[in-house]
Amino acid sequence: METLHLELPSLQDDTLFPQTLLHGVVSSGNLEVLVEPGPDAARCVFEVQTAAHGFSEVWQAVLRDFATRHPVGGLTFSIHDAGATPAVVSLRLDQAYQSLRSS
Amino acid sequence: MMTNPPQSFREASARLRVQGLLDAGSFTEWLGPARRITSPHLAALDAPVSFDDGVVVGQGLLEAQPVVVIAQEGLFNGGAVGEVHGAKICGALLRAIEMRARAVLLCVDSGGVRLHEANAGLIAISEIMRALFAVQAAGIPVIALVGGTCGAFGGMGIVTRLCDALLISEEGRLGLSGPEVIETVKGVEEFDSRDRALVWRITGGKIRRTLGEATMLLDDDIPAFRAAAAKTMGDRPRQRGLSPDALQTLEAAQRRLEARATLDPGIRDGQQVWQQMGLGEEVALMDPAEFNRCLEARER
Amino acid sequence: MNAPQPHRVWNQEAQRRQARLQRSVPFARGKAVAPADMVSLLEALLEPGDRVCLEGNNQKQADFLSESLAACSPQRVHDLHLVQSVLALPSHMELFEKGIARRLDFSFAGPQAHRLARLVQSRSIEIGAIHTYLELFGRYFIDLTPQVCLIAAQAADAEGNLYLGPNTEDTPVIVEATAFKSGIVIAQVNERVEHLPRVDIPAGWVDFFVVAPSPNHIEPLFTRDPRHITEIQVLMAMMAIKGIYAEYGVERLNHGIGFDTAAIELLLPTYGASLGLKGRVARHWALNPHPTLIPAIEAGFVERVHSFGSEVGMEAYVAARPDVFFTGADGSLRSNRAFCQTAGLYACDMFIGSTLQMDLAGNSSTATLGRITGFGGAPNMGSDARGRRHASPAWLKAGRERSGSGTQVRGQKLVVQTVETWREPHHPTFVERLDAWQLMEDMGMDLPPIMIYGDDVSHVVTEEGIANLLLCRSPEERAQAIRGVAGYTPVGRARDQVLVENLRDRGVIRRPADLGIDVRDATRDLLAARSIKDLVRASGGLYQPPKQFRNW
């Protein structure tokens, strides 16, 4: 497994209730993401454990776009990945964000 | 013309199954993902772990009655039972006694023991069985719900058969050794695991219901599972010790087994069972309601 | 003026044919051959170096005849030149390994792609060329006419008339080329019957037939279990339907056979209907009877389907929908690969399918290192027919977009490639250089095996968006348009952000949001069927899926 720790600036959405939420399942080509309150309102934290080696640049690009796309400052995203493609990673993160908004 | 699609039980994750089975908003998870109690064995093998080790346990309400719910995630390592996974199931069962739950809903979706954790997994299965007996001795019915991608095999197949009732979808499967295992050990002539139709005619929900191992055959629909679980719970009043009709229940089970023993021993396929009962090819496409009616008419 | 040469013999081919038939006499009773005599018959009539068409289709295989040929003595039968569409069976490869055959002209070798590449590298095989189907069929009548063909049919009667069943595929074109050029036609049939449901090949064109010991092998190649369709494929299907089908009013089309296009088929009666597209798009099809098309047929989207072949399990459904499919008076499907490929080329306004790799010019290829797969029908279906003259709204609109401000003298076929940016980790779909180039060098080919040329591609659909290549005005723009939908692949990350945003402003690149699509709506709940059983139910029990697809 390869691990990746990333902290990125992101806007904060005060209407988002900081809570824990688990989305997705660890299975081949898929991942789970655990959302929790983070240490800093102006930044979001990503902790990634992935089965696919050598993709840290791609992860950084995917996560940077996500942090730009949505106001997720003040949140921590912990990911267990079993070889999801960037498309699936983005989709799961977007879905997790939408679940946060709707709950 | 579009109606709402059914909420597929098979396609839902364990977490969504739990949400859909219980009264809205009533679920409280025990040892949730944020606790990060993950498998040390998988980590040692450098394999992906899951925050909940592939099983969701907790309490909630089913039609306002307190219940314990346990749901295995079939997509994580085939729902296989490891040390943490097994301990969570075991603990949840024992907690049901402590909190005097009205019932336990056990969503089995598992190929059996997690091979990465061999002995720990095997021990976990035996502990689950012992806990399950304790729950039953406390008069709390345990209802198995099977309709996930993995079915209920290996040790979890046995656990499923120990439950008070088994609610299964047509897509659900129940067995001891899985088809792939049988094929590997005994050859493709014994069991062609790629013949999906054959696999389901031998292990699938319809034949399990026919043989009396499943209580009810259901649509692949979460609300259908919820309604059936509520009905099953209502039919089984909480009862410490032997119920007054325990003898009758045992005798009925004995009669079913005797009837099953009269089936032609040459039978190797569910289709032949249905033929002997005077049912033909139409069985394959009967929806669960029609199938249950058809069987109930025969059982009377 | 020269006088005719007095000694020139003008019927040498016919004489040669008579000699072959003469040599065959001991091994046949009239046209009927016993299975046990087939090897002897082939050894008697074949001559070294013969051009032989061994019927190998996408689906139907003359497997018994292929095994019989492979069982011939290489001392007697050798150096054959095989001209056939598809190399699918292990016995096809054995012919080359044993030296029975030496040269090959073909279209597709999917299942044997690896073994074929090894044979080429060990110089056990000479490949003439890899063709698209129609191209190979054309050459059957020009310079690759078979001297002997070995074909597969459903049934024969006593005289040797043949009924082909629903899977016609290549048979008519093979027989036509062989029988009318003094060749020998040998058929394997599944059964001999008193009365055929219909005569597809008249007895006069057939020299021998054999009732094979077991029915010919048919592969259910076109069955896609809806269970395996992902949310990403649903999203791409939504984009294709809204951004291309609706936008161009595509009424006549062909689909590839992957899960991407199966998703589109299953979204037409749900998402497509919600956009009010029924009766406006996807009415006329050149397509095999895909089980995933059933819901769209039942919903009244699909009005007509002509097919290359059939699909296992669809027989009763097709027979019960004669208004939609081409069926004989007997009720069974009449398919035909040559005609359906022609329909795809000239009578369809769109082809949409998937590929494994695409470069910055839009060239796409399914070739990967160590495998020679060939192309099948894709180069034909996925190309703009320069000979086309009739107009349709979709064709005209695409042509207008390509010609820009210039005078419009022709339309343009829509050739759409729908691909996820990554197939799996370590396998990006978008690449700077196709593996096809390396394969060309390794295999000593004249050209890289490119399936669809970039200049034929009109649109690229990925999960990131749609690139409309018709609107690109230079190779540089085209490359940026492709980079702009190539996601997080190295090709995508090397995009010029400013140019890509500019292309987006011009509508060359359109994101899901630009199309008014909310990514959250892309769930499997949109599929009109989520399992094979749903398809059976949609067909009213008429579709009978093969056992490997059933769970009952």
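How does the radius of gyration of chain B, with 300 residues, agree with that of a compact globule? A compact globule of 300 residues would have a radius of gyration near 19 Å, and chain B has 19 Å, which agrees; the radius is taken over C-alpha atoms, and the globule rule is 2.2 Å times the number of residues to the power 0.38. This is a predicted model, in which local features need pLDDT of at least 70 and side-chain atom pairs count only at pLDDT 80 or more, while totals for chains, interfaces and linings use all residues. Residues are numbered from 1 along each chain as its sequence is written, and chains are lettered from A and ligands numbered from 1 in the order in which they are written.

Along the principal axes, the C-alpha atoms of chain B fill a box of roughly 55 × 50 × 45 Å, and the chain has 12 helices and 7 strands, where helices (H or I, at least four residues) and strands (E, at least two) are DSSP runs numbered from the N terminus. Of its 300 residues, 49% count as buried; a residue is buried if 20 or more other C-beta atoms lie within 10 Å of its own, exposed if 12 or fewer, and partly exposed in between, with the C-beta atoms placed from the backbone. Two residues are in contact if their C-beta atoms, placed from the backbone, lie within 7 Å, and among the contacts in chain B with a separation of 6 or more, 74% join residues 24 or more positions apart.

Helix α3 of chain B, residues 83-98, gives a local view. This helix has 16 residues and reaches 23 Å from its first C-alpha to its last, close to the 22 Å expected at 1.5 Å a residue, where the expected span is 1.5 Å times one less than the number of residues. Its buried residues include B:Val84, B:Ala87, B:Ile89 and B:Leu93, and the buried residues of α3(B) pack against β1 (28-30), β2 (55-62), β3 (65-72), β4 (103-107) and α4 (118-137) of chain B. After α3(B) comes B:Arg100, whose phi is positive, near 50 degrees. B:Leu31 also has a positive phi, of about 50 degrees, although it is not a glycine; B:Leu31 is found in the loop between β1 and α2 (40-44) of chain B, and it counts as partly exposed because 19 other C-beta atoms lie within 10 Å.

Chain C can be read through its domains. Its domain assignment gives domain 1 (30-218) and domain 2 (226-533), with bounds that come from an automatic or database domain assignment, and 32 Å separate the centres of the two domains, taken over C-alpha atoms. Their contact takes 30 residues from domain 1 of chain C and 30 residues from domain 2 of chain C. On the side of domain 1 that touches domain 2, the largest share, 5 residues, comes from α5(C), and by class this side has 16 nonpolar, 10 polar and 4 charged residues. Here Ala, Val, Leu, Ile, Met, Phe, Trp, Tyr, Cys and Pro count as nonpolar, Asp, Glu, Lys and Arg as charged, and the others, Gly among them, as polar.

What lies inside? In soluble globular proteins, nonpolar side chains tend to be buried together. A nonpolar core is a set of buried Ala, Val, Leu, Ile, Met, Phe, Trp, Tyr and Cys residues joined through C-beta atoms within 7 Å, and the largest one has 201 residues, with C:Ala153, C:Ala240 and C:Leu267 having the most contacts inside it. Helix α8 (residues 231-248) of chain C gives the largest share of this core, 12 residues. Because domain 1 and domain 2 of chain C both give residues to this core, it lies between them.

The chains also meet one another. The contact between chain A and chain C takes 13 residues from each, and α2(A) gives the most to the side of chain A that touches chain C, with 6 residues. That side of chain A divides into 9 nonpolar, 3 polar and 1 charged. Between chain C and chain B, the contact takes 13 residues from chain C and 17 residues from chain B, and the side of chain C that touches chain B has 4 nonpolar, 4 polar and 5 charged residues.
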